[in-house]
Amino acid sequence: MIDHKEFERRVKVRRLGSSDYERVVELQNLCFPRMKAWDLEQFSSMLRIFGEGQIGVELDGVLVASSSSLILDFDLYSEWHDWTKISDNGYIRNHDPRGNTLYGIEIMVHPEQRGLRLASRIYDARKELCREKNLERLVIGGRIPGYARHAAQMTAEEYVARVEAKELYDPVLTTQLANGLVVLRLIPDYLPSDEDSAGWATHMEWVNLSFVPDDKRGLRPTRNVRVAAVQYEMRRIASFEEFERQVEFFVDSSADYRADFVLFPELFTLQLLSLAPALRPGEAARSLAEHTPRYLELFGRLAIKYNVNIIGGSQFAVEGGKLFNVSYLFRRNGTIERQFKIHVTPSERRWWGVEGGSRLEVFETDRGRIAILVCYDIEFPELARLAAKQGAQILFCPFNTNERSAYLRVRHCAHARCIENHVYVVLAGCTGNLPQVENADIHYAQSAVLTPCDLFFARDGIAGECQANVETLVIHDVDLELLRRARYTGATLNWNDRRTDLYRINYRSTDGAKDI
């Protein structure tokens with residue numbers, strides 16, 4: 001039996017503490033070898049004055065990234081001087097909790113962990129801090145450490161322009177641009193000791209669109225979550241590495257759009273059977289389960305690297321000699337969960353010998369509670385009702401159907417679940433063909449993001465959908481606050497109007513039986 005927990009890595013964004021000092025200095029020496037590291041008095045001063053603004057990232061319990069910031073009245077600093085003055089030489093005694101701007105004075109990532117986009121997590125945490133404290137903007141004076149190598153050939157302005165145009169790569173500026181910061185101007189002699197930047201820095205800004213002047217919160221609150229569904233084309237491949245490249249392309253594309261979740265289709269891993277000689281269907285399904293360790297390693301790594309929660313479609317797994325269809329949740333903090341498909345279709349049972357799971361899971365994520373109903377499971381209203389009762393607001397449904405009528409059963413039932421439970425449902429399916437792979441040779445899909453049908457939501461209850469049978473992505477924001485409003489003030493109140501005096505769901509799991 002494969003223990004999926006063995007493939008977990010733990011990523012945690014947290015406040016820095018006094019016990020982190022030596023590790024922070026170690027990171028500074030690795031990242032900025034030509035610059036003086038914090039002394040203990042500076043570090044302690046930052047923690048004491050504005051602990052919330054000192055943020056780090058752990059990977060498997062080890063601090064591998066950190067940042068420092070303070071709040072300023074930006075109007076008092078409209079004329080830039082240098083890093084030493086605006087940061088109070090690292091002591092941040094000029095921190096003003098009544099200010100309107102979060103100012104970042106440092107960010108660093110261990111050289112061996114670059115490529116995992118850990119800096120993006122820090123920028124996300126800084127942006128969230130701006131929202132929580134109703135700050136107007138995030139401002140940084142950003143280093144351009146690649147400039148010294150080009151200083152003889154071009155000005156700093158020309159260098160920045162070429163980095164913005166993606167003609168050149170700068171290890172700091174490129175990351176900042178990718179995280180939504182905009183260059184406003186260049187600052188000469190900002191940090192004279194920064195030889196790699198030749199003393200130059202960029203004045204960069206991210207504007208908080210949720211900012212409310214004078215804290216008069218008259219606007220309707222929102223809780224947006226960005227979801228992406230992959231409509232994946234099945235075709236023969238020559239290696240597992242080719243499969244990896246296709247998967248990473250879609251994860252990378254979803255991350256470029258800042259998706260919080262990306263959903264792959266049910267059993268899209270059947271594509272891997274094109275690597276093996278033709279087998280009887282039952283043998284083929286069990287041979288596919290042999291790829292599960294590499295599948296878990298791949299998706300776990302991509303969730304961390306691209307900072308996105310991934311529902312990895314589903315994959316066969318053998319446990320206790322039995323074959324199951326299992327969907328895995330790969331959180332962007334490195335943890336992994338799974339949901340066994342509960343209802344097995346007649347063809348799955350007949351062709352592959354799949355057995356059904358016996359427990360419905362509701363998962364906590366950094367964007368609220370979710371549940372995964374694998375294909376046929378969405379056609380049973382009891383499961384969605386159980387998930388909604390436990391607080392799930394988004395149901396992810398990876399599916400795999402071979403023709404239009406089969407797809408429409410999934411689609412129409414998914415929409416009904418939206419209306420019955422005031423939830424969103426995200427659908428992702430396969431298209432294309434797999435010749436010589438029995439019970440997976442043809443596919444039909446139209447992936448979509450579905451909503452309840454009410455005036456609060458999109459017309460026809462469809463937030464977004466793909467063109468049928470074309471490999472692509474559908475990406476859309478869903479507002480969890482609208483679900484709450486619809487549940488209590490909608491045209492119909494399906495959840496509240498259930499006749500529990502006449503009927504209930506009796507759910508029997510390993511935790512015991514309960515009525516809902």
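This is a predicted model: local features need pLDDT of at least 70, side-chain atom pairs count only at pLDDT 80 or more; totals for chains, interfaces and linings use all residues.
**Entry 1**

I started with strand order. The sheet is open and has 7 strands, in the order E1-E2-E3-E4-E5-E7-E6. Its pairing is mixed. Which strands stand at the edges? I found E1 (11-15) and E6 (182-187) there; each has a single partner strand, so one side of each is left without a neighbour in the sheet.

**Entry 2: E3 and E4**

E3 covers residues 62-72 and E4 covers residues 101-109. In what sense do E3 and E4 pair, parallel or antiparallel? The answer is antiparallel, over 8 bridges. A reminder to myself: strands of a sheet pair through backbone hydrogen bonds.

**Entry 3: helices on the sheet**

I then went through two helices. H2 (residues 40-50) packs on the sheet and touches E3 and E4. The direction of H2 makes about 60 degrees with that of E3. H4 (residues 118-132) also packs on the sheet. Which strands does H4 touch? My list reads E1, E2 (55-59), E3, E4, E5 (137-143) and E7 (201-207). Against E4, the direction of H4 comes out at about 165 degrees.

**Entry 4: the cavity**

With a cut-off of 30 Å³ or more, the count is 1 cavity. The largest cavity has a volume of about 30 Å³. Which residues line the largest cavity? I noted Phe32, Arg34, Met35, Arg143, Ser193, Asp194, Glu195 and Asp196. Sorted by class, this lining has 5 charged, 2 nonpolar and 1 polar residues.

**Entry 5: strand E8**

Last, I turned to E8, residues 224-234. Is E8 mostly covered or mostly uncovered? I got mostly covered, with 8 of its 11 residues buried. For its pairing, I looked at two strands. E22 (residues 472-479) runs antiparallel to E8, and 8 bridges join them. Asn224 has its bridge partner in E22, namely Asp479. E9 (residues 261-263) runs parallel to E8, joined by 3 bridges. There, I traced Ala228 to its bridge partner Val262 in E9. So my notes on E8 hold an antiparallel pairing with E22 and a parallel pairing with E9, as strands of a sheet can pair either way.

Methods
Residues are numbered from 1 along each chain as its sequence is written. Side-chain values use heavy atoms; hydrogens and water are left out. Two strands pair if DSSP finds at least two bridges between them. Helices (H or I, at least four residues) and strands (E, at least two) are DSSP runs, numbered from the N terminus. Contact means heavy atoms within 4.5 Å. Axes are lines fitted to C-alpha atoms, for helices over the stretch in contact, and angles run from 0 to 180 degrees between N-to-C directions. On a 1 Å grid over the protein atoms alone, a cavity is a set of points where a 1.4 Å probe fits but cannot get out, and a pocket is an open set with protein on both sides within 12 Å along at least five of seven lines; lining residues have an atom within 4 Å of a point. Grid points are joined across faces, edges and corners, and a volume is the space filled by probe spheres set on the points. Ala, Val, Leu, Ile, Met, Phe, Trp, Tyr, Cys and Pro count as nonpolar, Asp, Glu, Lys and Arg as charged, and the others, Gly among them, as polar. Buried means under 20% relative accessible area, exposed over 50%, partly exposed in between (1.4 Å probe, protein chains only).
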